[in-house]
Amino acid sequence: MASPDQLRKPSGILMGTNPVMSVGSGILILAFVLFTILAPGLANQVYSGIKSFIATDLAWYYVGFMSCSLFLAIWLIFSRYGDIRLGKDTDRPEFSNFSWFSMLFGAGIGIGILFWSIAEPIYHFQSNPFIAESQQLSVEAAQVAMRIAIFHWGLHGWALFALAGLILAYFSYRKGLPLSIRSSLYPIFGERIYGPIGHVADMLAVFGTVFGIATSLGLGAQQINAGLNYLLGIEVSTSTQIVLIVIISIISTASVMTGLHKGIRLLSELNMRLTMVILGLFLVIGPTAYVLGTLVTNLGDYLVHAVELGFWVDPDPQGQWQGWWTIFYWGWWIAWAPFCGIFIARISRGRTIREFVLGVLIAPTLLAAIWITIFGNTAMFLELYGDGGVVNAVNEDTTMALFATIELMTDSHFLVMAVSAICTVMLVTYFVTSADSATLVICTLISIGDEHPLARYRVFWGAAIGASAAVLLLAGGLKALQTASVVAALPFSFILIMAIYGLFKSLAEESLPAREKSRFWRRDKPQATGQDVSEDTAAATNKP
């Protein structure tokens, strides 16, 4: 079987990539875009039909899968494997904790939580299956709404990202395999991962990454347009949003061209600093004492109910809420797992398993809870104890929820405009961070794990993401393809299950004597160029 280097074309227009992956991924993306825009009614019917089937008949599977992921992630923290390093035993992290956390949070959910941190709690405030109709829009409803919102952005989702990133970092940096989804299947399929099996796994990852980012970019352009309309009076229109997509795509492509240590890292750190500023402003301008009190309450309330919510499956066969919210969220987290997993793995070399899982699991969850509390409970305070107006704004136009809340917080026109301007800048910078991270991941996948893909592929895929978003926005197919991305999570969840099995199988080998380990990690296993192998594995494979 060919090695990773042999699978990459040595010359020509596709030099440095695998032809099957590069051409096949392009055809797959183009086919789905054309199908969605040329037959929008049929595409929406197909995607929505599959999504409806998942929501009604497979809710138990998604709920069980995400809860098991959280259990396994927590178990790894306290297991005997926690001290194993993702790389050689002498490797140390290449990024500071601040840079590392900034990049993983920005690539993961930064833009999404900025969009939904007010809108989602307000939706649950009006209706959810855990409150009676008589309790809607009450203090009790507000607490349940915050609990649900934090749950959807909390430990369960980040546990999945932690497992995906850990698996990829472990097999790449400790076992010398390419940084791609196919490597996670090596313990099951061996060298066959370099054939059709590996291509299918990586193409699913490319599909989820391109359309996940493209749909987010298109939908996010609408919110940026809303912010510019609020600040500068710029018309809210499809043409304006397409111009914004083009501008964001150019900036993200320029960022990814500068590499991980410059553009992506610096933008991520800027995002984190802007996040601290905007959260501080909300806290100071808004109902400070109320928000600080609810922060303590929300954290405790979430921890008490996290397991209960994590295992809850709606017993009502006619109920739609769980499909609209929790199952959609779980599908979205799974669909983004390959993209975020590869990116998080790429920035985590040298960390121990315990340090990695703790960092990915706890830090983003805590920031998400703080963010949702400060934004969401400020909106709740305005509704419960102020003049209201946020509920109406959310129901009328979700993209305006953030700006409507800012306007209702203070009578100072200067503060309203300043905070709104910072939020609009954050929308752009968080989108750029997600887009450039996704471009790097796609190029790594089509290059069979090459962490430094050629510049022309970064330009092409950066433009392809922007073009897909613009075309779908113009044709009205963003929502349909967003549904398709979530549907793609179902087959990818099976790959993740096999990858998790492979990880634990390989970790068990770590605790065996070198003679036993050599049965699995054979000396003739192909090695990816430029990848290091742990000292104990190298010793095992060199034994006579």
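Guide: Let's start with a definition: a helix axis is a line fitted to C-alpha atoms over the stretch in contact, and the angle between two axes runs from 0 to 180 degrees between their N-to-C directions. Please keep in mind that this is a predicted model.

Visitor: Thanks! What makes H8 and H14 a packed pair?

Guide: Two packed helices are described by the angle between their axes and the distance between the axes. For helix H8 (residues 155–174) and helix H14 (residues 321–346), the angle is about 35 degrees and the axes are 8 Å apart. H8 crosses H14 in a right-handed way. Among the H8 residues that take part are Trp-158, Phe-161 and Ala-164, and the H14 residues they meet include Trp-333, Ala-337 and Gly-341.

Visitor: How do you know that the length of H3 agrees with that of a helix?

Guide: Helix H3 (residues 40–57) has 18 residues, and at 1.5 Å a residue these should span 26 Å. Its end C-alpha atoms are 25 Å apart, so the two values agree.

Visitor: Which residues of H3 are called buried, and why?

Guide: They are Ala-43, Tyr-47 and Ile-54. Buried means a relative accessible area under 20%, so each of these residues falls below that cut-off. Looking down the axis of H3, you would find its buried residues within an arc of 20 degrees, so they line one face of the helix. On the other side of H3, Gly-41, Gln-45 and Thr-56 are exposed.

Visitor: Why is Thr-90 called exposed?

Guide: Its relative accessible area is 53%, and exposed means over 50%, so Thr-90 qualifies. You can find Thr-90 in the loop between helix H4 (59–78) and helix H5 (97–108). The C-alpha atoms of Thr-90 and Gly-350 are separated by 8.0 Å, although these residues are 260 residues apart along the chain.

Visitor: What makes the phi of Leu-137 worth a look?

Guide: Most residues other than glycine have a negative phi. Leu-137 is not a glycine, yet its phi is positive, near 60 degrees.

Visitor: Finally, how many helices and strands are there in the chain, and what share of its residues is buried?

Guide: There are 23 helices and zero strands in the protein chain. Of its 544 residues, 61% count as buried.

Key
Residues are numbered from 1 along each chain as its sequence is written. This is a predicted model: local features need pLDDT of at least 70, side-chain atom pairs count only at pLDDT 80 or more; totals for chains, interfaces and linings use all residues. Side-chain values use heavy atoms; hydrogens and water are left out. Helices (H or I, at least four residues) and strands (E, at least two) are DSSP runs, numbered from the N terminus. The expected span of a helix is 1.5 Å times one less than its number of residues. Buried means under 20% relative accessible area, exposed over 50%, partly exposed in between (1.4 Å probe, protein chains only). The arc is that of the directions from the helix axis to the C-beta atoms. A crossing is left-handed if the near helix is turned anticlockwise from the far one by less than a right angle, and right-handed if clockwise. Contact means heavy atoms within 4.5 Å.
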